[in-house]
Amino acid sequence: MIQSKTLFQTGKIHGIPINVSNIDQALSEVETLIQLREHHYVCFFEGNLFFHALFDKEVHDVIAGASLIYPDGIVLQKELEWHLRQCVSRVSGPSFMLRACEYGVARQWRHFFLGGGDGVAQKLADNLKSKNPGMIVAGCYTPPFRDLTEEEEIQVKAMIEESRADLLWVGLGGPKQEFWMKRHLKKINVPVMLGVGAAFDFHSGRRTWAPRWVRKLGLEWLYRTFCGGSRIFMRNMKTIPLLCLCVLFDYVARLFRPAAKITARVPGQQN
């Protein structure tokens with residue numbers, strides 16, 4: 001059994017155990033899951049997902065069931081810092097994807113990319129491979145914008161399993177990709193699935209990623225609101241005000257509580 005006392009340290013936010021890890025620790029944790037050769041999925045927990053988790057129990061439970069849950073975005077980072085009374089690192093999906101592709105070259109990790117619009121997964125794979133010579137692209141697949149038929153599900157399962165992928169990167173947007181990973185957990189024989197959403201668009205060049213200084217300030221959400229297209233703008237106009245109220249309430253409530261303790265968690269165990 002995995003030694004949870006040395007890895008997978010978490011703090012709970014609204015019943016969801018979020019990993020207290022920097023990006024180097026996150027790479028080590030994902031590497032551990034690959035070595036176990038079991039079935040796991042990883043969530044990068046950002047503001048939009050947090051909003052859905054607060055108001056939809058199904059989304060909450062799907063996220064809580066992930067083996068690793070990283071604070072992706074300023075909202076979850078601050079929530080966790082207030083909760084634990086200590087500094088916490090952000091681990092964003094797009095940043096982690098870049099590091100994992102580089103880190104995995106020496107370890108011969110096999111990457112499969114599922115998601116994005118027409119041609120996006122292949123373009124993403126080509127871009128990442130050009131930055132990381134020796135990277136193994138096991139396969140790419142762009143699903144149609146509809147539910148797959150039973151026959152198509154069988155074909156996709158066979159395609160992924162025949163590729164012998166170590167990491168299955170899923171870019172369907174949240175929370176759709178989290179439901180997809182949960183639904184296919186143990187049905188597709190792949191060690192680790194990771195829901196990274198917008199990383200497909202950013203690293204394929206389909207959309208512009210926020211400048212580094214914007215990301216360091218924790219203002220990527222603001223950049224995406226005005227540069228991510230009309231869908232993102234309308235979504236954020238709906239979620240941001242409610243999310244701000246929830247965060248404010250949480251901050252005030254924690255002023256009257258002692259600091260929470262970091263707890264060890266076995267991957268996928270909802271404790």
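Contact is defined here as heavy atoms within 4.5 Å. By this criterion, methionine 159 touches Phe112, Cys140 and Tyr141, with residues up to four places away in sequence not counted. The structure is a predicted model, in which local features need pLDDT of at least 70 and side-chain atom pairs count only at pLDDT 80 or more, while totals for chains, interfaces and linings use all residues. Residues are numbered from 1 along each chain as its sequence is written, and side-chain values use heavy atoms, with hydrogens and water left out.

Methionine 159 lies in helix α7 (residues 150–163). Helices (H or I, at least four residues) and strands (E, at least two) are DSSP runs, numbered from the N terminus. Methionine 159 and phenylalanine 112 are 47 residues apart in sequence. In space, their C-alpha atoms are 9.8 Å apart. Methionine 159 is partly exposed, at a relative accessible area of 31%. Three classes are used: buried is under 20% relative accessible area, exposed is over 50%, and partly exposed is in between (1.4 Å probe, protein chains only).

Three strands form an open sheet in the order β2-β1-β9, and their pairing is antiparallel. At its edges stand β2 (16–19) and β9 (263–264), each with a single partner strand, so one side of each has no neighbour in the sheet. Two strands count as paired if DSSP finds at least two bridges between them. Strand β1 (residues 9–13) and β2 pair over four bridges in the antiparallel sense. Threonine 10 has asparagine 19, in β2, as its bridge partner.

Helix α4 (residues 74–84) lies across β1 and β2. The helix runs at about 100° to β1. Axes for such angles are lines fitted to C-alpha atoms, for helices over the stretch in contact, and the angles run from 0 to 180 degrees between N-to-C directions.

Histidine 14 lies in the loop between β1 and β2. Its phi is positive, about 50°, although histidine 14 is not a glycine. Histidine 14 is partly exposed, with a relative accessible area of 39%. Glutamine 108 sits in the loop between α5 (93–103) and β5 (110–115). Phi of glutamine 108 is also positive, near 55°, in a residue other than glycine. Glutamine 108 is exposed, with a relative accessible area of 57%.

A cis peptide bond runs from glycine 174 to proline 175, with omega near 0°. Proline 175 lies in the loop between β7 (167–171) and α8 (176–184).
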